[in-house]
Amino acid sequence: MSRLYTQDHEWIDVAGGEATVGITDYAQGQLGDVVFVDLPDAGRAVTKGGEAAVVESVKAASDVYAPVSGTVTESNPALADDPSLVNSAPEADGWFFKLTLSDASELDGLMDKAAYDAFVASL
Amino acid sequence: MTTAMNNVGRPTRLVAGTGAVAETFTGNKALMLEEPLLFERGSLDTSGVDLPPVPPVPDRLGGLGRDAVIGLPGFSEPEAVRHYTRLSRQNYAIDLGIFPLGSCTMKHNPRLNEKMARLPGFADIHPLQPQSTVQGALELIDVLADWLMKLTGMPAVAMSPKAGAHGELCGMVAIRAALDAKNDPRRVVLVPESAHGTNPATAAFCGFTVENIPANDRGRVDLDAMLARLGPDVAAVMITNPNTCGLFEPDLKRISDAVHAVGGYVYCDGANFNAIVGRVRPGDLGVDAMHINLHKTFSTPHGGGGPGSGPVVLSAALAPFAPIPFVRKTATGLELVEEDTAGTHANQSFGRMVAFHGQMGMFVRALSYMMSHGADGLRQVAEDAVLNANYILASLKDLYTAPFAASGPCMHEALFSDDFLDGTGLSTLDLAKALIDEGFHPMTVYFPLVVHGAMLVEPTETESKANLDQLIGAMRHVATQMLADPDAWRTGPHFAPRRRLDETLAARKPVLAFKDSEAA
């Protein structure tokens, strides 16, 4: 399944019942140098649109929202030592957390890459 | 270009295009002196005082005495004096120039306030003195409380909170206590995007669930969204007025009425009261609790110059839950009520927030400010603060992006975004650094978050038109040059004691203590 995006600049990859979530290249560019990432513990239940993580840059601290509801299974251990991965590889090694989906139909409202690129261009 | 190293290990070189040498041999720049750290300069072997050898003393520390030297360097008296004087010259202060930090209200701290605060009857008393010996001090607290209640149109005030966020805590704990007294389980607090960032933190700390209310395109609370969200689960609304975009919230009364209709309370963040003091009484707008930053509105020093003080005015509904202690008039004089009993306070106080009664030194300064200005003078304070901010807004809005200028005048601070720098690769940060080179403390940057690359300029009423014109001139010059020749502005400041620091490295790998590599 291809990557989907939210209006809050998170991306989500879904494979089977599990999904990987991160923030987009546009988001990291707006944040500037990321200095700290606060990630959810495995087992935490998150709801679509609710706070799931916090990303702190030299400019500001921002909430990262869960694109869909589910239960966190793992957060990216590499970000604790090297938060700059969010800047250098936001849509790859800089992923935030993985979760199991509780309602796959919540994916329906999300944007595909073309729609997200058009959304960013409109900002 | 020369590549010689100067005495502090940095290359001396020419500034491109000017022919000027950027680094001197000593690292000093004319009379601005480069100053090493104490640990780099001092020696363990020197001392400023000649003490006789210590005679042997019996160890009474039970083996817990220090077994290694602390390693603090010693200095002669002139060395120590010069070290701190040199450091102080690298600092910036309101006594040096305009300090246009939006949301902070860096106004002049009148010297009369300082004189009053140093009167022995105020300066040399102790909180544990018998109350009969400090009747004047208690009267000062009582008179200040009366001014605060009159200026806000509120029936009660808690004087002890020690800063703005501490005042928020006081107000929200009082709301929680009022709900608990009714066994009311509601726990949702609505906080608009235009509120101060401490508001949601305070609500969360008090055990409430925070929900955001969006701002509208005029930088105010979205009234429809607010009204639509109100319901029986809403404990309170926390609203900042004037808000953090420097704009008055004209719908506050309607919001208050609607919140009260569903059984909730209204907390107003009064950090920006300086824009409306003498003009608007928050009590008339239906506010239940509001903190007042004496260190902003009433000119007491802050930002390293002194402690804050954040008294909280309370509505009749919240007054019974106010913290102890408080001053009460009795037949024989004034009394500081330290215990909450049925006879004094309906036995409903939520308790004590601080050891004693608050920031006495700030109370003296604030009352000095109020009495020297008078009621008419305080009204003019607000009017001049708003006038100065609008002068800046009007003088810059053709060049800087002013996102809310179309919705009318601002209050005490003017908000700009860096959208006008689009395409240059420059942002608010570069502009702030350029202002340092021009000799100004930059404005507040990247706050509030509701606009891109925010620049929040609060001149305060204490700046003259000439000072404002100088700041405006510098801001226009810098912005015009940044648009004309962006590349020259990516590396500022060029003339400050330090150039652009690596904020990212400092945040990712902070070094918070000096470690002497030789001693370690």
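1. Helices (H or I, at least four residues) and strands (E, at least two) are DSSP runs, numbered from the N terminus. The expected span of a helix is 1.5 Å times one less than its number of residues. Take helix H13 of chain B, residues 465-484. Its 20 residues should span 28 Å at 1.5 Å a residue, and the end C-alpha atoms are 28 Å apart, so the two values agree.

2. A word on the source. This is a predicted model, in which local features need pLDDT of at least 70 and side-chain atom pairs count only at pLDDT 80 or more, while totals for chains, interfaces and linings use all residues. Residues are numbered from 1 along each chain as its sequence is written, and chains are lettered from A and ligands numbered from 1 in the order in which they are written.

3. Now chain B as a whole. Chain B has 14 helices and twelve strands. Its C-alpha trace spans about 75 × 75 × 45 Å along the principal axes. A residue is buried if 20 or more other C-beta atoms lie within 10 Å of its own, exposed if 12 or fewer, and partly exposed in between; C-beta atoms are placed from the backbone. By that count, 40% of the 520 residues of chain B are buried.

4. Next, contacts. Two residues are in contact if their C-beta atoms, placed from the backbone, lie within 7 Å. Take the contacts in chain B with a separation of 6 or more: 70% of them are between residues 24 or more positions apart.

5. Back to H13(B). Which residues of H13(B) are buried? They are Leu468(B), Leu471(B), Met475(B), Val478(B), Ala479(B) and Met482(B). Seen down the helix axis, the buried residues fall within an arc of 100 degrees, so they line one face of H13(B). The arc is that of the directions from the helix axis to the C-beta atoms. The buried residues pack against helix H11 (360-396) and helix H12 (428-437) of chain B. On the face turned away from the buried side, the exposed residues include Lys465(B), His477(B) and Thr480(B).

6. Then the cores. A nonpolar core is a set of buried Ala, Val, Leu, Ile, Met, Phe, Trp, Tyr and Cys residues joined through C-beta atoms within 7 Å. The largest has 125 residues, and Val157(B), Ala174(B), Ile175(B), Tyr267(B) and Leu314(B) touch the most other members. H11(B) gives the largest share of this core, 17 residues. A second, separate core has 32 residues, including Trp95(A) and Phe97(A). In soluble globular proteins, nonpolar side chains tend to be buried together.

7. Chain A has an open sheet. Its six strands run in the order E1-E2-E3-E9-E8-E5, with antiparallel pairing. Two strands pair if DSSP finds at least two bridges between them. Why is one side of E1 and of E5 left without a neighbour in the sheet? Strand E1 (4-5) and strand E5 (45-46) of chain A stand at the edges, because each has a single partner strand. Within the sheet, E8 (residues 70-75) and E9 (residues 97-101) of chain A pair over five bridges. Ser75(A) stands opposite Phe97(A) in E9(A).

8. Other strands of chain A pair too. Four bridges join E4 (residues 34-38) to E6 (residues 51-57) of chain A, and the two run antiparallel. Here Phe36(A) stands opposite Glu56(A) in E6(A). Glu56(A) also stands opposite Ala61(A) in E7(A). A hairpin joins E6(A) to E7(A) through three residues.
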